Amino acid sequence: MSDLAMSTTKPTRSSKSSISSNIRIAKNAVMSVAGLKKSYFKGQLEVPVLKGVDLEINTGDFTTIIGQSGSGKSTLLHLLGTLDAPDAGEIYFNEQRIDVLPSRKKEALRNSEFGMIFQFYHLLPELTTLENVLVPKMVQDGFFTYLYNKREYKRKATELLEMVGMGHRLRHKPNELSGGEMQRTAIARSLISEPSVLLADEPTGNLDSENGKEVLDTLTALRKNENLTVVMVTHDESLADKSDKVIRLVNGVVE
Amino acid sequence: MYKLLLSWRYLRTRFIALASIVSVTLGVATLIVVNSVMAGFVDQMKNRLHGILSDIEIEAPLMSDIPDPELHADVVRQIIGDDLQDLTCVVRSHALLSFEFHGRPWTQHVILLGIDDETFGKVTDFEPYLTNEIKKERFNFTLEETGYTRFDRAGWPYRREKAQSKRDFDRMMREHDQLYNQAAQQYVDNHPLQQPDGSPATQSAQNNEPVKFEFAPLPAMTPNINNAFPVENDPSDANDLAENQTQPPQHLPGQTVMMSPFDPHAHLRDKVNLEDLFDPMRDQHAGIVLGMAISEKKSLDEDGNPIDVHMLLPGDDVQMMFLSAGQQMRAVSEEFTVVDFYSSNMHEYDSSFAFVPLSKLQKLRGMVDPLSKVGSVSAIQIKLKAGADLDAVRDKLKAEFPGAEYYDIRTWQDTQRPLLSAVQLELTILNILLFLIIAVAGFGILATFFMIVVEKTRDIGILKALGAPSGGVMSIFLGYGMSLGIVGTGVGIVLGLVFVNYINQVADLVGWLTGREVFDPQFYFFSEIPTIVSPTMVLLVALGAIMIAVLASVLPALRAARLHPVEALRYE
């Protein structure tokens, strides 16, 4: 719980007044966010989701962002993963501001620096398990580069799938897999590009407790083995105890 | 890579999209079939149109003459140079053909062409379309003994048979007349004329001999048969052979002949055997080659099947009436003997052309200069070497031929321009219409693709989350559209080519199914449907169809590319 206490104090240090280019970033922070605001429109009505969020994510930490449904935690994760652009505020990755990058650079970031895991697994239904894991590599490489490296990629993908316990289902399509298996495949996919940050959006949200536990174990094990930074978003308080740092999001602000 | 993989997977898993390209397939197949058959027909038609039209023709305007054809020919040779293959001169005249069929007189307008039997066949495709096997090899204007394979009886055997039966008939009629006269005489003898009062007519009773009429004797003369039947001794004109062969019967000098004012030849009737002058059993008039359709009519036999009735056969004589050349026109009438038929299966030609020897026609029309003995012609026909540019040579002639503005210089295509351009227009419109079918298929693809993009929204979000650029997502759907187009077009090409290959069998099958013959060789004059598959055409059709498929997928692909990743991922 000491971790939790520490983390909750950190964002408050960088208060609203300090939102500027010379913001002090902790040396060991792989990602940091300052004054982040985002609203959605429902017709004419503006719905503010994030109302000025400041936080830091330390290298090698397993950070959990906990919030109730509608607290804006998924939006925060999307913003971290550059899938969406904030209305105001700044996002830093390795001391580089990434929310204003051209889309081509953002795509490269998503492809190789961030690994993403979703609540609904989001596998491509037409592709086999192995192919699904290979998709980030296919996106990354041109046609001939990919063909040239194909053998190496396949070996690596198989390794990853074996690591998450999916080695026996390489040729199966997603609709032949269980929820846990699909999520483990998604984890393997998120790791194929050797990312520095893993962004997980309620990875256990759609799984029963046993499968959920298995997935969570995989994630924590990864963090230890690969020295990977993991950011997980969840509404489940019980998942927080395994993390190094817990960030609570309430009504669009960090508590 | 993912673009190809996903395009390929979508193609394999979305069969409904394949349904949307069935119309592409059908459109492509139809285009190929229609274009191939039309190309076949046009090719056949052009061959036939070209038929007796030479490559280029220099015609004297307004039906007047070219006075010195050799001089003109020399100039033409000089201008055209190496491209010239051959040239020939023709005389062209409108004429009225008349003949008897089943005792009924038939008359028909024809275009009479005086042709040189040596060179005409070299300049135009004349000989291959003749019916006589011998004349196909080497054309001349004499009637043949054999070789008329198309007719049951024709040529000299038929002519002799016909002359013999005519002779027999005449003899029978004479005998009939004699019998009748004898019977009438007997009746008159047995029934003497009576006066109204019943007494026998005195005169006839007294004088039983019939009344005789006598004419005052005319001055005695010795007829000169050679004058009475002038025969020109022109050895070059082989077609006058029949007349040259005629040996007039010799009359004894000093013999007195009575001439009747009603029948100036009556005194010759007994002395001269007319058959010695012109015996249809042995002699022919100048030869004529008639278009097949001139003397042919369609009819039905007893079973109701259409048959061709030949009103004339090779060996028959026909009467030809035409105008003489020059300012003072007069009608000329002459008999010709049908020696063969011209059957190009182009009805326009077969029903209007008749060919006679050039020199004969020049003589009959008075086109031979009395001093120089040079015959003038109506037109000079030119054949160029294969591969020569007709239009270029025509333009050269127009530019360099002295006094070209007074002549009508044109290629065969110029002559047939209305028909050719009509066919071209027809082909163009057909192509546009059929491409519209493929365009309709394009809208089908458009609609299907919008559905697929909606269905694939989440996948698009995933790909974007994994770092795929908008362009990549777009090219998935463009590639998908293109592969659909390629598959549809490929199947269409195969279908079309197979259909073209077996088109006659297909026509037979359809004919058998519907009980009505689709392609009746009798009306089209082809034994089977002609087809020409042009690789360029197939390629263009394929490219066009694929283009349409790609264009139709542009809008859905753009929509897919513009999807916002977060919203796409939230889509459930």
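I began with helix α2 (residues 73-80) of chain A, which lies across β3 (62-67), β7, β8 (229-234) and β9 (245-250) of chain A and runs at about 150° to β8(A). For this angle, axes are lines fitted to C-alpha atoms, for helices over the stretch in contact, and angles run from 0 to 180 degrees between N-to-C directions. Helices (H or I, at least four residues) and strands (E, at least two) are DSSP runs, numbered from the N terminus.

I noted that this is a predicted model, in which local features need pLDDT of at least 70 and side-chain atom pairs count only at pLDDT 80 or more, while totals for chains, interfaces and linings use all residues. Residues are numbered from 1 along each chain as its sequence is written, and chains are lettered from A and ligands numbered from 1 in the order in which they are written.

**Burial of α2(A)**

I asked how many residues of α2(A) are buried. Eight of the eight are buried, so the helix is largely enclosed by the rest of the structure. A residue counts as buried if 20 or more other C-beta atoms lie within 10 Å of its own, as exposed if 12 or fewer do, and as partly exposed in between, with C-beta atoms placed from the backbone. Among the buried residues of α2(A) are Lys73(A), His78(A) and Leu80(A). After the helix comes Thr82(A), whose phi is positive, near 55°.

**Sheets of chain A**

I then traced the open sheet of six strands, whose order is β6-β7-β8-β3-β9-β10 (chain A) with mixed pairing. Its edge strands are β6 (114-117) and β10 (253-254) of chain A, each pairing on one side only. Two strands pair if DSSP finds at least two bridges between them. β6(A) pairs with β7 (residues 197-201) of chain A in the parallel sense over four bridges; Met116(A) has Leu199(A) in β7(A) as its bridge partner.

**Positive phi**

Glu202(A) has a positive phi of about 45° and lies in the loop between β7 and α7 (209-226) of chain A. Is Glu202(A) buried or exposed? Glu202(A) is buried, with 21 other C-beta atoms within 10 Å. His102(B) has a positive phi near 55° and lies in the loop between β2 (84-101) and β3 (104-115) of chain B. His102(B) is exposed, with 7 other C-beta atoms within 10 Å.

In chain B I found 23 helices and eleven strands, and buried residues make up 33% of its 572 residues. Strand β7 (residues 317-323) of chain B runs antiparallel to β8(B), joined by seven bridges, with Val318(B) opposite Phe336(B).

Finally, 22 residues of chain A are in contact with 19 residues of chain B, contact meaning that the C-beta atoms of two residues, placed from the backbone, lie within 7 Å. The elements giving two or more residues to the chain A side are α3 (103-112), α4 (129-140) and α5 (143-163) of chain A.
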